[in-house]
Amino acid sequence: MMENKFNFKEIQERPERLAPGHRMCAGCGGTIAVRNVLKAIHPGDKAVVGNATGCLEVSSFTYPYNSYEDSYIHSAFENAGATLAGAETAYKALQKRGKIKENYKFITFGGDGGTYDIGLQSLSGAMERGHDMVYVCYDNGAYMNTGIQRSSATPMYADTTTTPAGTQSNGKPQVRKDLVAVMAAHNIPYTAQTTFIGNLKDLYVKSEKAIYTEGPAFLNIMAPCPRGWRFEAADMAEICKLAVETCYWPLFEVENGKWIINYEPKNKLPIEDFLKKQGRFKHLFKKGNEDLIVQFQEEVDRRWEELKVKANA
Amino acid sequence: MLEDKFKTENIDETVKWQDLTPGLQIYENGSSKLFNTGEWRVNTPVIDFEKCKQCLLCVPYCPDSSIPVKDGKRLDFDYDHCKGCGICVGVCPFHAITMKEGK
Amino acid sequence: MAIKERMSGNEAVAYAIKQINPDVMPAFPITPSTELPQFVSNYIANGEIDTEFIPVESEHSSMSAAIGASAAGARTLTATSSCGLAYMWEVLYVAASDRLPIALALVNRGLTGPLNINCEHSDSMGARDSGWIQIYAENNQEAYDNFVMAYRIAEHKDVMLPIMACMDGFITSHAVENITLLEDDLVKNFVGEYKPEHYLLNKDEVMAIGPYAVSNYCMEAKRAQAQAMMNAKQVILDVAKEFEEMSGRKYGLFEEYRLEDADYAVVAIGSACGTAKDAIDKLREKGVKAGLLKVRVFRPFPGKEMADALANCKAIAIMDRCESYSANGGPLSAELGAALFKNKNQAEVLNIVYGLSGRDMTVEDFEKIYEDLADVAVNGVKEEGYRYVGVRE
């Protein structure tokens, strides 16, 4: 794999691969993820971008407006993995027959609904078969396109439109699915989790690794949805920072079976700091619900400790 | 060469079925630039280049690719597309960006 | 020199695939089409072809990968049956609306339930409105020939639609029959090279495919797609003519068997037509003017052409190997019935459902149908709705 030095200024100056004029909401985290992943394609390389149905698809290829500088394909909600696997295989076939000489990269995007839930089988198949492609989940923890319904990526106790907090409900009863572990269990060369931190070096480096590692790679990017999480868009960077500093969203990667934690907070912040910024957790701060936050903290701690064990093993 | 009728700028709601692209495919890159999302703006970010240290931290955080960079320096906002989300205000370490009310 | 062989329907279609050597084939095993990906995998394993095979984890992914591969510029095919086609349902429509000339070898088998692996047309008939061209084979020879013609039709610039080449499960797919194959070079030249105009991996032009389109554009897109299906009719005939020049074997939208002067006609699809021909030959010896219209192309539906061909019949039995649970007969009955009415045909019409889940259809069954046709021609059709043949009652 070609590993270039992280040159922040040079990267910012690269031509955009996601054009403006798309109709994602103002302040959309998903778009930040897509833009920056695509920036990690080396200038000069070509790409085919795939997409599961969702916010991104309906907003970035709204006929006749196309936001992609590279070729783009969307076919349905649950098949982003298989669809791009087909395109990647066509590349192999046409290359073999001498019909294509250029260097193409294959990257597909799905939300957590299209990735953790309905598209899991198609994703699993594509990864297991070893296609040279990257699957990127922009994880905003619910079905945002249809109006904030819970997914298996929704955190425990989040108030969504299908797990509303009410007199008999504290929001979503179940904990989040650990999809990155599921993907790592496919024994693919590269799996990583990241979000928007600092100058986005972590996201860039992982994207570049994923794109330029031969074989399948999976990236899970926390991409906050201001509308669904109910926070001011201007707090985007702050929310992401708190997710990492509380260890709700650890930055880590699994490279050829080796688990690596990329950042360990010196002072792990209490989960309240992350939760209280978001309207979807407002009910947890009502009097009498203190134990819910304790349980949330226990779940965060359990996963963090588990991750540390994997990383030290 | 792409036929003129298949260019995004020539496709609108008056075009007959015979003249739309087959399968509604598009053969033009980045043609959404023609769509002016700047009109959505309720509040508008304003940069004070006196305070700006050209750290470019705001650039990757912009969801609308609306902070152009040239010769290592950020330029003024692309107001044709900036939706006024204010994320850049939150990430600027030098408080060089402020939101002003309205477009 | 034509090659005389003996092979099953699946072998015959696999042989055509080998001669075409397509770029990409995603497929998932399902009875009775499983042999197709097996044969192709063996050809690849032995270096006879260099198609890229994708052993997908489901039929939904099979069609999805086919969409990705075809959009990327590869000549693509897949094969399936029954529930496999049902699982592809959603993306069948996507393939057609994306205007991708994918070929699908469909080995017809009934949809569950109850779970059954035998021949029925409920799978392809359920997908009849998905925007795919549908061509049916009576026997192994036709299954082979249809597949050789498939890409020429699908990839034609006036069409650009996916195509389903159908044959009857087990009856055709697994039964070994005599067959005449074409030389490799002939097939290769006939099918030609695939040169898409727009595709994802075109170095000179990007392509974005599969948009979100608002109501202001969707209806126009569908109208254009409908035109492609209308155009397919002439293209199918043109390709058949060229095929005839090469092979000596003649194909149309449908086959007329002793139909010209027939008083009584059966209209059917697939392998049962061979049985019907035997019955007709027997009846003709007795002086009964029996005939057959064998539907080859179901999509696009040649309604007017078939109604014209049936214009002089006194009574017609329209046979569906498929229950559509409309309480009114099967899909062929519904569509051909409408075409006969529109064409002002005067024949009495019996709507018949037969052969479900592999139930045999015998020469005697057909003889009885012709007897019934003679009866209704004189006395009229008494029943409302439709009747079953071959069921215990």
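## Interface between chains A and C

In this predicted model, chain A and chain C bury about 3300 Å² between them, and carbon and sulfur atoms account for 59% of that area. The contact draws 42 residues from chain A and 43 residues from chain C. On the chain A side, Y63(A), R97(A) and R129(A) supply 17% of the area that chain A buries against chain C, more than any other three residues.

Five salt bridges are counted between chain A and chain C. A salt bridge links the side chains of K96(A) and E52(C), with an N to O distance of 2.9 Å. Polar contacts between chain A and chain C involve 23 residue pairs, both residues being at pLDDT 80 or more. Several elements of chain A give two or more residues to the side that touches chain C: strand 1 (46-51), helix 3 (55-60), strand 2 (61-62), strand 4 (71-74), helix 4 (80-96), strand 5 (104-111) and helix 6 (120-129). Helix 4 of chain A gives the most, with twelve residues. By class, the side of chain A that touches chain C has 18 nonpolar, 13 polar and eleven charged residues.

## A sheet with strands from two chains

Strands of chain A and chain C also meet in a sheet. Strand 4 of chain A is joined to strand 9 (residues 208-209) of chain C by two bridges, and the two strands run parallel. Within this pairing, I73(A) stands opposite I209(C), a residue of strand 9 of chain C.

The sheet is open and has nine strands, with mixed pairing, in the order 12(A)-11(A)-9(A)-10(A)-6(A)-5(A)-1(A)-4(A)-9(C). Its edges are strand 12 (258-261) of chain A and strand 9 of chain C; each has a single partner strand, so one side of each is left without a neighbour in the sheet. Elsewhere in the order, strand 9 (residues 190-194) of chain A and strand 10 (residues 217-222) of chain A pair in the parallel sense over five bridges. In this pair, Y190(A) has A217(A) of strand 10 of chain A as its bridge partner.

## Interface between chains A and B

Chain B meets chain A through 40 residues of chain B and 37 residues of chain A. The area buried between chain B and chain A is about 3100 Å², with 60% of it on carbon and sulfur atoms. P60(B), Y61(B) and S65(B) supply 20% of the area that chain B buries against chain A, more than any other three residues.

One salt bridge is counted between chain B and chain A. E69(A) and K33(B) form a salt bridge, their closest N and O atoms being 3.1 Å apart. There are also 27 residue pairs in polar contact between chain B and chain A, with both residues at pLDDT 80 or more. On the side of chain B that touches chain A, the elements giving two or more residues are helix 1 (58-61), strand 2 (69-70) and helix 2 (87-91) of chain B. The residues of that side divide by class into 19 nonpolar, 14 polar and seven charged.

## Domains of chain B

Chain B is divided into domain 1 (1-35) and domain 2 (36-103). The contact between them takes four residues from domain 1 of chain B and four residues from domain 2 of chain B. Over C-alpha atoms, the centres of the two domains are separated by 31 Å.

About 260 Å² is buried between domain 1 of chain B and domain 2 of chain B, and carbon and sulfur atoms give 52% of this area. The count of salt bridges between the two domains is zero, whereas three residue pairs are in polar contact, both at pLDDT 80 or more. The side of domain 1 of chain B that touches domain 2 of chain B has two nonpolar, one polar and one charged residues.

## Salt bridges over all chains

Over all chains, the count comes to 50 salt bridges. One pair in a salt bridge is E306(A) and K310(A), whose side chains meet at an N to O distance of 3.9 Å. E306(A) and K310(A) are separated by about one helical turn, because the two residues are four apart in helix 12 (residues 290-312) of chain A.

Methods: Residues numbered from 1 in each chain as written. Chains lettered and ligands numbered in written order. Predicted model: local features only at pLDDT ≥ 70, side-chain atom pairs only at ≥ 80, totals over all residues. Heavy atoms only, no water. Domains from an automatic or database assignment. Contact = heavy atoms within 4.5 Å. Buried area = accessible area lost by both parts, 1.4 Å probe. Salt bridge = Lys/Arg side-chain N within 4 Å of Asp/Glu carboxyl O. Polar contact = N/O pair within 3.5 Å; in protein donor to acceptor, adjacent residues only side chain to side chain. Nonpolar A, V, L, I, M, F, W, Y, C, P; charged D, E, K, R; others polar. Pairing = 2+ DSSP bridges.
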